[in-house]
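I opened the model to look up its overall fold and then one residue. My notes follow.

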Amino acid sequence: MPEQSSHPRSLRAMDSVLRATTELLAEGGLPAATVDAISARSGVSKATIYKHWPCRTAIAAEAFGKQMAAAIPLPDNGNTAEELAEQVRRVSAFYAGPQGTIFAQLLAASVADPAASPYFREYFLDKRREAVAELWQRALDRGEVKPEISAATATDVLFGPLIFRLMTGHAELSQEEADKISSAALGGLLAD
């Protein structure tokens, strides 16, 4: 994980690297986010970058995770079925756009690069799972979901199909398909 520093200069450098990486990902996906390009765009030396991250995929995973968290806020309207269905729609739309390609590139690179995997899990997967766990906890508190089902299982059931569709291309990522997925999943998740 990145070496944590509270020194303002170090924090500015890290922010600059993450901002540059986000821009490069948007411009050309993971192939565009090389350490050389990140260094040139951010004005931060490669030595400083490598002080905080082991590889470009780790930087990209952290930058992308923060971007997705900002792009997909949690719905909060007091109705579990509507909130979960809306979150599935939002994630599906995110993956259906250019960010889906970046996610697929990051996932593949993180599988192949053991140094990047912990960053992908911490900054992307864990953060997304924590967000859905918050929705799930609200639902549990309202008694609207089966208490024997964990937030982790609910997350896998609701969002796993989106990732599978993205990675295999066997079916589209559309609002209509997202609604079908959430409807099928919610049948097994909601309390009677």
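**Fold and one threonine**

I began with sequence separation: of the contacts (heavy atoms within 4.5 Å) in the protein chain with a separation of 6 or more, 67% join residues 24 or more positions apart.

The model is predicted, so I kept its limits in mind: local features need pLDDT of at least 70, side-chain atom pairs count only at pLDDT 80 or more, and totals for chains, interfaces and linings use all residues. Numbering starts from 1 along each chain as its sequence is written, and side-chain values use heavy atoms, without hydrogens and water.

I looked up the elements next and found 9 helices and 0 strands in the protein chain. Helices are DSSP runs of H or I with at least four residues, and strands are runs of E with at least two, numbered from the N terminus. The radius of gyration, taken over C-alpha atoms, is 18 Å, close to the 16 Å of the globule rule (2.2 Å times the number of residues to the power 0.38) for 192 residues, so the chain is as compact as a globular protein of that length.

For burial I used under 20% relative accessible area, with a 1.4 Å probe and protein chains only. By that cut-off, 44% of the 192 residues are buried.

I then picked T21, in helix α1 (residues 8-32). T21 is buried, at a relative accessible area of 0%. A polar atom of the T21 side chain lies 2.7 Å from the backbone oxygen of V17. Beyond neighbours within four places in sequence, I noted T21 in contact with A33, I38, I59, A60 and A63.

Key: Buried means under 20% relative accessible area, exposed over 50%, partly exposed in between (1.4 Å probe, protein chains only). A polar contact is a pair of N or O atoms within 3.5 Å; within protein, one must be able to donate a hydrogen and the other to accept it, and residues adjacent in sequence count only if both atoms are side-chain atoms.
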